[in-house]
Amino acid sequence: MSNKEEKGYLSAKESRRISKENKKVTSVLEKKYRRKNESEEEYLTFMEDTNNAVEVRDLHTYFFTDMGIVKSVDGVSFDVPIGKTVGIVGESGCGKSVTSLSIMQLLQRPQGQIVSGEIRLNLGDKAYDIARINAAGAQKLRGKYMSMIFQEPMTSLNPVFRIGKQVDEVIALHNSEMTKEDVKKRTIELLELVGIANSEGVYKMFPHELSGGMRQRIMIAIALACSPKLIIADEPTTALDVTIQAQILDILRTLKDKINSSIMLITHDLGVIAEMADYVVVMYSGRIVEQGTAEEIFASPAHPYTIGLMESKPVVGKRVDKLYSIPGKVPNPVNMPNYCYFKDRCEMCVEKCDGDYPEFISLSPTHKVRCYRFYDQKEGK
Ligand SMILES: Nc1ncnc2c1ncn2[C@@H]1O[C@H](COP(=O)(O)OP(=O)(O)OP(=O)(O)O)[C@@H](O)[C@H]1O
Ligand code: SF4
Ligand SMILES: [Mg+2]
């Protein structure tokens, strides 16, 4: 590899070659995704455990860019049990949003593609593999069985339509039997449910007339309009101040219990995870490095990255001169090393760390970590 390529520079010729190759791969995947007249058989599947709302297995989602292939999600597996909240944490760019956009089939196509793996969604009487579904099939699932709340509600709401119309639309889309009056009644009910006092007034307002907190409530109302089995909340409160944040989380938690759905909660904020999550998944550079129950992750974090995350969190009553920050930066996503991705930043390295990327080691039936520091435990078994 030339010096320039190592630094991430590519010649125009090389870039064109990559682009041509990418097109070959993505056009096959696109054709498959856009196929018409599919039969349900093509994506019917079985849940490993019917108590799970979602089972993600060995998911690989790549972006085919002109600089090369970015393996944004590289072999990720986890469960979201029914009625539970799973928190996903990790540094910016580690693949949290791409994981959720894969589940929703909302990837930026054609560059973004699920290249392999399974995403099993439990519909009650049957299960679908979202990784194999086509565009029309995914459209039917979104809103009704799974929905997503984004970080910035202003960009998710359409600025030119009134709030009421936007909520009505989602309800009407999935409930063709409902009359116009019934739809409006349901919208008003939903607005009240998410804590909007002047529901009739807000029904007639435009998004810009509402505060950030109010808009996020509307997004929650839209997400919950059809009582979905899975709610994905991607940094739902990052743009809000702390008191509104607490209210929004409270609404989310209460409504989740009311409709017995599951939440996949993505956040940088470990405080939010501690308060909301039953299980925690820690991601680093497109892979899961540790997963367990919230108690396990908070009481005995095992991966040096998770330990670093915990240390960089401010603690009330503990005076420090400087908050801890994990040294170094994440590797170049186009050119990942073949050893542990955290090695260049790790302060706990052992001799074995020069080896291949570590496999998962079970620390308990629910707690798993990918780190050589625990290999002795495995070998001792
Ligand atoms: N449309 C895209 N085109 C190319 N690469 C992308 C695209 N979207 C995401 N990626 C890459 O995929 C990787 C994972 O991105 P992702 O958005 O999932 O990160 P994240 O964990 O959600 O980060 P953040 O906390 O900043 O939201 C990053 O390396 C990013 O550059
Ligand atoms: S495998 Fe080694 S380098 Fe990687 S996180 Fe564990 S101790 Fe650090
Ligand atoms: Mg993100």
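Tutor: Of the 381 residues of the protein chain, 39% count as buried (20 or more other C-beta atoms, placed from the backbone, within 10 Å of a residue's own; 12 or fewer is exposed, and in between is partly exposed). This is a predicted model, where local features need pLDDT of at least 70 and side-chain atom pairs count only at pLDDT 80 or more, while totals for chains, interfaces and linings use all residues. Residues are numbered from 1 along each chain as its sequence is written, and chains are lettered from A and ligands numbered from 1 in the order in which they are written.

The protein chain holds 14 helices and 13 strands (DSSP runs numbered from the N terminus: H or I of at least four residues for helices, E of at least two for strands). Its radius of gyration is 22 Å, close to the 21 Å from the globule rule for 381 residues, so the chain is as compact as a globular protein of that length. That radius is taken over C-alpha atoms, and the rule is 2.2 Å times the number of residues to the power 0.38. The C-alpha trace spans about 70 × 55 × 40 Å along its principal axes. Among contacts with a separation of 6 or more, 66% join residues 24 or more positions apart (a contact puts two C-beta atoms, placed from the backbone, within 7 Å).

Now the strand: β10, residues 279-284. Six of its six residues are buried. In a regular strand the side chains alternate between the two faces of the sheet. In β10 both faces are covered. Y279, V281 and M283 are buried on one side. V280, V282 and Y284 are buried on the other.

Next, its neighbours. β10 pairs with β4 (residues 85-90) in the parallel sense, over five bridges. Pairing here requires at least two DSSP bridges between two strands. G87 has V280 of β10 as its bridge partner. With β11 (residues 287-293), β10 pairs in the antiparallel sense over six bridges. There, M283 is bridged to I288 of β11.

Finally, the turn. β10 and β11 form a hairpin, with two residues between them. One residue in the turn, S285, has a positive phi of about 50°.
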